[in-house]
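Me: I'm new to this one. Can you walk me through a few spots in it?

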Amino acid sequence: MKDIFKDYSLEQFNLDINGLIKDEAVNNIKLFAATDEAKISVVLKPIDDKNFYYGLHPCFSSEKMIDLLFKSKITTGYDFWRVIFKEQIENNWFKISKFKHFDNSFNIEQSELETILLGKSILQMASHFGFRFQCKDTVAEELKGLLARFWREETTDSKYNTNKHYFSKEKTFFCQSGKNQKGTYIDFLGFWPKVIIDKLDKEIHIRIDNNVEPGELSIEKIIESKLKSKKYITLNELYGMSNKSTNLFSEDKFKLRDGNIYYSGTMPRVTEIKYVTDHPSSEQIKYLIMHVERTTFATVDCMDNPMIMLHPLFGEWYMGRPLYDFLLDFDRYEDKMQSEYLYKQKEDDNVNQTVSEEKENENKYQTVYEKKEIENINDYLERSFNTHTVAVSANLETADHYLLVGKRGKGTIDDGEYYCSVNGQSEFNDENVSFYQDSVYEDLPTLDFNSKKRLDLNNEIQRETIAELGISMFEQDWQYYGVSYLSINNKKKDVKSDGESYEHASKVSKRRMHFNVLTYNKSYSNFEEVYTNHENVTEKFENSLIEGIRLNLYKDWKEFTKSSIEKISSFAYDHSGIVSFSILSITMVINIINKKSSSDITSMGITDFFEIIIVLLYIVVVIAKWISNKDMLQHRRTVRFNSSKFKDNSSNKSNSLTKLFNKFNFSKRLINKKEDDFQMHVILKVMMGLYFLQKKEK
């Protein structure tokens, strides 16, 4: 890959991208190492301790979670935390050890914090599962209103008051509703406190109905006249909390409701990054060595999603404070570390002077810039408790030059947003994760934590490509753009209207920080083949649809005209049969018209009528083919862009990346009017920008 930052600096690229995403949910991303005249090599180096897992151990599965919550006779907050502390003492399920910077930031011992985080991770895991009830529309709406009120009443501590908007009729961590073939349903998600179940039992009854699917129930408002004629059960009985001997909890009813698949896979967690540019073996390669340990998806789920902290069980008091306070301190600490080390430029005169001196030589300047950024990242990694996982992201171009992008499916992270061609978390094949042993081959991770051989991410990228797109054959090896990280800068969001510092605000905020290894490749398949095959891929739920973008760049109108002629010629060559037959058909029609306009209409013979039939059949075939391909054609488009307007100019208020994305959105609205908004995730904006620079350099 050529030096794509030759005329457009890496630093300016980051400034422009972050200018585009400053108001989005994920509002910070930085490409901190990129290819230039030297290629970039990215490898993982596991820690020596082969038994350590950061966060929740992978052996703590969803089956274990269900057993713990529903078969331990938990009816009070005291019961819950007694079980959690007992589990942590006996099994040490949750670990955040190995930290030399654990200090008095949390006013609690590390072992106690680990236990509280175990409780949070279990409740967060449970929030993906639940009971499903079929009901009338009016009952569903009334129930959502009741539940919002009941949950809000149980979180009356002053610190919760700023979060009342979480307890609404919309989807929350305890409830969601929707439509299926049988009508309206409502899901009761996760583990509920008995006090809320008691309140709801006074309002509704659950009806045992043989007409609903296994694993589902019916629910209706209490109507006294019906109670004698139908068999009902209570929520207390269903949740296994009844004082009676009856415990009707059943695992076939408490199912995964949020998402398409759930397992706590093992993933790399970056602890340090080594960056080598003067390796004695080759000066034409930049070496990026990511030191990693193992963490799990359940840990990431726990760290990234703080709403579960509003669960009444975190209102229990411990050491003179509600448990909620300790978790809020933990999250604020992460925000503080990100603010101090990722978002603030170091006031280092020597570094700034070096950058200034080297700016004339772009390659040396980029290297100095990368070293400075990696130094900041390492300072952050040394102090942060976050999961810092490594995702793989790829631009994949089809044989007919369409860049593939996908709209995230319902139930996935960032559902509804558009992502780059391939995006997924890298994972370690781990004997403690039963899912790996039981699922299809493309779900089996290619990384081996215990291997003494080179660990790179090429096979993980390929595995994700097969799973998400069904593409396994490529024209070349994977080419690396570089490595980035993305995060949520809560300092921008958590300042109160009265100017109070975010560190003292009591708002619950989402957070995220992970790395992306960014790559490119080209497929032997054309867009039609990829689009048609998408229904058969293993992870089709990841993308609800596939789009194709052909990016045509031109420097002036002369080049634009030339490229248009080349496009027409290319179409004629690729569809030579259709073009030839179309010309022949037109000739036939002209011949027939000439004969018909002559004085002797009887001059039209059998051959002429046969020609008419052929032309009509051809028209029918063309129309039928167009109708069959109509859906596919709506999801590919060509975007033309004047590359001469793309300049590295920090004073340009409307930067060229903005122009590029505006052009792309305009094209989208023209072709597919059903899409009101083409919402691009930040990783797609980075990958689209890199693809543009790559095409421009060619």
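Predicted model: local features only at pLDDT ≥ 70, side-chain atom pairs only at ≥ 80, totals over all residues.

Me: Okay. Is Asn-92 buried, exposed or partly exposed, and why?

Reply: Asn-92 has a relative accessible area of 35%, so it counts as partly exposed.

Me: Where is the place of Asn-92?

Reply: Asn-92 is in the loop between α3 (77–91) and β4 (94–95). Its phi is near 50 degrees, a positive value in a residue other than glycine.

Me: What about the phi of His-388?

Reply: His-388 is not a glycine, yet its phi is positive, at about 45 degrees. His-388 lies in the loop between α12 (362–383) and β16 (390–397).

Me: Is His-388 buried or exposed?

Reply: Buried. The relative accessible area of His-388 is 0%, and the cut-off for buried is under 20%.

Me: How many residues of α4 are buried?

Reply: 16 of its 17 residues, so α4 is mostly covered, with buried meaning under 20% relative accessible area.

Me: Now α5 and α6. At what angle do their axes cross?

Reply: At roughly 145 degrees, and the axes come within 10 Å. Helix α5 covers residues 137–153 and helix α6 covers residues 194–201. The crossing of α5 past α6 is right-handed.

Me: Which residues meet there?

Reply: From α5, Leu-143, Leu-147, Phe-150, Trp-151 and Glu-153. They meet Ile-196, Lys-199 and Leu-200 in α6. By class, this contact of α5 with α6 has 6 nonpolar, no polar and 2 charged residues.

Me: Last topic, rings. How many aromatic pairs does a search of the whole structure find?

Reply: The search finds 31 aromatic pairs. One of them is Phe-80 with Trp-81, with ring centres 4.9 Å apart.

Me: Why is that pair called edge-to-face?

Reply: Because the planes of Phe-80 and Trp-81 are at 85 degrees, and planes over 60 degrees apart count as edge-to-face.

Me: Are Phe-80 and Trp-81 buried or exposed?

Reply: Phe-80 is buried, at 0% relative accessible area. Trp-81 is buried too, at 7%.

Technical notes:
Residues numbered from 1 in each chain as written. Heavy atoms only, no water. Axes fitted to C-alpha atoms, helices over the stretch in contact; angles between N-to-C directions. Helix = DSSP H or I, 4+ residues; strand = E, 2+ residues; numbered from the N terminus. Left-handed = near helix turned anticlockwise from the far one by under 90°. Contact = heavy atoms within 4.5 Å. Nonpolar A, V, L, I, M, F, W, Y, C, P; charged D, E, K, R; others polar. Buried < 20%, exposed > 50% of the residue type's maximum accessible area, 1.4 Å probe, protein only. Phe/Tyr/Trp six-rings, centres within 6.5 Å; stacked < 30°, edge-to-face > 60°.
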